[in-house]
Amino acid sequence: MPATTDFWKKIVWFQPEEFGIPEHDEALRRQEGLEMNRVLILKMDAMRHLVGQPIHIHAGFATKGHAQNSQHYLHNAADFHVEGLNLTAQFYYAMMFRFPAIGLYPFWKWNGKPRPGLHVDERPLQAIASVVLWWRDAKGTYHKLETAMAIRDVLMEGDLLYARG
C-alpha cells in the first residue's frame, strides 16, 4: 500500500523526496516518494532510529537501471548505506527488521570513498519461501547467496574495502 502525506508526517528520519529519482525535480521526487511501500518506509525509519547514524539513500523508486523485475519499479525497494557502519553491521540490522529480500553491495562508493551498502525490499511474501539474499560483484554481476560461508566472504570483502577507505 502506498504511503500518503499524512503517513509521512509520522516518519522521523526521512523525507519522501529521498526515495524519488534523483534526476527529477523536487516535486516529482516527492510524488514518487509518496508512492513508496509503507512497510518499507516504516522499517527504514525504525532502523535509522535504532542505528543512530544517518542512512544515505542511493535509490528508491526507479524506472530503469536495475534488474528486469526489480522491486524498485514497484515502489517496494531502497538501496542505501549507513554512515559509519561496515557491511556486516548493516546486514545485521537489516536482518533484524526481517526484510524479505536483502542485497549486499560491497563495492559501492559514495563521494569517491568505499561505502558498502544494501538493497532491501518488501516484495510480496507469497513470492518467496524465505529471505532472498544476493550480492553484486565489482563488475556488476549478481550472485545468489545460499550458504553461510558465502555470506561471510562477501561481508568480509565489504568490511575490508570500507576499512581501507
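Which residue forms a salt bridge with glutamate 17? I looked it up in this predicted model. The partner is arginine 30, and the closest N and O atoms are 2.9 Å apart. Glutamate 17 sits in the loop between helix 1 and helix 2 (26-34), while arginine 30 belongs to helix 2, so the pair ties together parts 13 residues apart in sequence. Glutamate 17 is buried, at 15% relative accessible area. Arginine 30 is partly exposed, at 31%.

**Entry: other salt bridges**

I count five salt bridges in the model. I followed up two others.

Glutamate 122 pairs with lysine 43, with 2.7 Å between the closest N and O atoms. This pair links distant parts of the chain, 79 residues apart. Glutamate 122 is in the loop between strand 6 (117-121) and strand 7, and lysine 43 is in helix 3 (residues 38-51). Glutamate 122 has 13% relative accessibility, so I list it as buried. Lysine 43 is at 17% and also counts as buried.

Lysine 9 meets aspartate 6 in a salt bridge at 3.6 Å, N to O. Both lie in helix 1 (residues 5-9), three residues apart, or about one turn of the helix. Residues three or four places apart on an α-helix point the same way, because there are 3.6 residues a turn. I find lysine 9 exposed at 64% relative accessibility. Aspartate 6 is exposed too, at 52%.

**Entry: helix 5**

I turned to helix 5, residues 148-164. Its 17 residues reach 24 Å from first C-alpha to last, close to the 24 Å expected. Which of its residues are buried? They are Ile151, Val154, Leu155, Gly158 and Asp159. I checked what covers them: the cover includes helix 4 (87-96), strand 3 (101-105) and strand 7 (132-136). The face turned away from the buried side carries exposed Met149, Ala163 and Arg164.

**Entry: histidine 72**

Where is histidine 72 found? I located it in the loop between strand 1 (55-59) and strand 2 (77-82). Leaving out residues up to four places away in sequence, I noted its contacts, among them Phe61, His66, Asp79 and His119.

**Entry: surface patch**

I found a nonpolar patch on the surface, formed by Leu50, Tyr92 and Met96. Together they have about 310 Å² of accessible area. Methionine 96 is in helix 4. I recorded methionine 96 as partly exposed, with 40% relative accessible area.

Note on methods:
Residues are numbered from 1 along each chain as its sequence is written. This is a predicted model: local features need pLDDT of at least 70, side-chain atom pairs count only at pLDDT 80 or more; totals for chains, interfaces and linings use all residues. Side-chain values use heavy atoms; hydrogens and water are left out. Helices (H or I, at least four residues) and strands (E, at least two) are DSSP runs, numbered from the N terminus. The expected span of a helix is 1.5 Å times one less than its number of residues. Buried means under 20% relative accessible area, exposed over 50%, partly exposed in between (1.4 Å probe, protein chains only). Contact means heavy atoms within 4.5 Å. Patches are made of residues with over 30% relative accessible area and no salt bridge: like charges are joined within 9 Å, nonpolar side chains (Val, Leu, Ile, Met, Phe, Trp, Tyr) within 5 Å. Accessible areas come from the Shrake-Rupley method with a 1.4 Å probe; for residues, only the protein chains shown count as cover. A salt bridge is a side-chain nitrogen of Lys or Arg within 4 Å of a carboxyl oxygen of Asp or Glu.
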